[in-house]
Amino acid sequence: MNIIFLGPPGAGKGTQSKRLEERYGIAQISTGDMLRAEVATGSPLGLKVKAVMANGQLVSDDLIIAMIENRIRQPDCARGFILDGFPRTRAQAEALDAMLARSGQHIDAVLLLDVDEDALADRIAGRYTCAKCGAGYNDVSKRPKVEGTCDVCGGHEFIRREDDRRETVAARLKTYRELTAPILPYYEAETRLYRVDGMADIDDVTKQVFGVIDRITKK
């Protein structure tokens, strides 16, 4: 089972990908982690990527596709993979399909976490963590039981990520709309796109995701 997770930043793709990985035994592939791992190996491909990144340039689609091709040959991808963070454009989606077709594979499902962008921005901007133990909280949905005190370690210092600021979130959502959202018709036309209510409770989202995968595997 080969799956793509789509949705704007902060929609919960990472969380749901992990749960899919645990339930179905398929490997989660984060393109960011994959880039760093390839560079660390010192392989010819990794050296090319390192040179590109050192010059402050974006890694080309061809290089990313080549890395994905290498990655899905690893033993942990024998039962399939989950792509989180790729593709981001229609050109990448088409290149991915072409690469998979060469080895007789294909994408079985594209899961889109549908969200209300204004509500999502509120949710992301409200996130903060305990500076001592890293426990996560939210101004709207998950405040500490005792205000100003971490439920886990009793710490009193909390931090907010710079990229969770409302202005930054708005910019990331704009980029998603302009670049990634246009690939939805590509997958929709081939009936591979499945929409999931990303604004539901995390566990409810998981139930929806598992339901989609179970239906596909029973076909």
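The model is predicted: local features need pLDDT of at least 70, side-chain atom pairs count only at pLDDT 80 or more, and totals for chains, interfaces and linings use all residues. Residues are numbered from 1 along each chain as its sequence is written, and side-chain values use heavy atoms, with hydrogens and water left out.

**Binding site**
- An unreviewed UniProt entry places the feature "binding site" at C130, C133, C150 and C153; such annotations may be inferred rather than shown by experiment.
- These residues span 24 residues in sequence, but no two of their C-alpha atoms are more than 8.7 Å apart, so they gather at one spot.

- C130 lies in strand β5 (residues 127-130); strands are DSSP runs of E with at least two residues, and helices are runs of H or I with at least four.
- C130 is buried, with a relative accessible area of 2%, while C133 is partly exposed at 38% (buried is under 20%, exposed over 50%, partly exposed in between, with a 1.4 Å probe and protein chains only).
- Leaving aside residues up to four places away in sequence, C130 touches A135, C150, C153, E157 and F158 (contact means heavy atoms within 4.5 Å).
- C133 lies in the loop between β5 and β6 (136-138).

**Second largest pocket**
- Of the 13 residues lining the second largest pocket, the closest to its centre are D33, M34, A37, E38 and R71 (on a 1 Å grid over the protein atoms alone, a pocket is an open set of points where a 1.4 Å probe fits, with protein on both sides within 12 Å along at least five of seven lines; lining residues have an atom within 4 Å of a point).
- α2 gives the most to this lining, with 5 residues.
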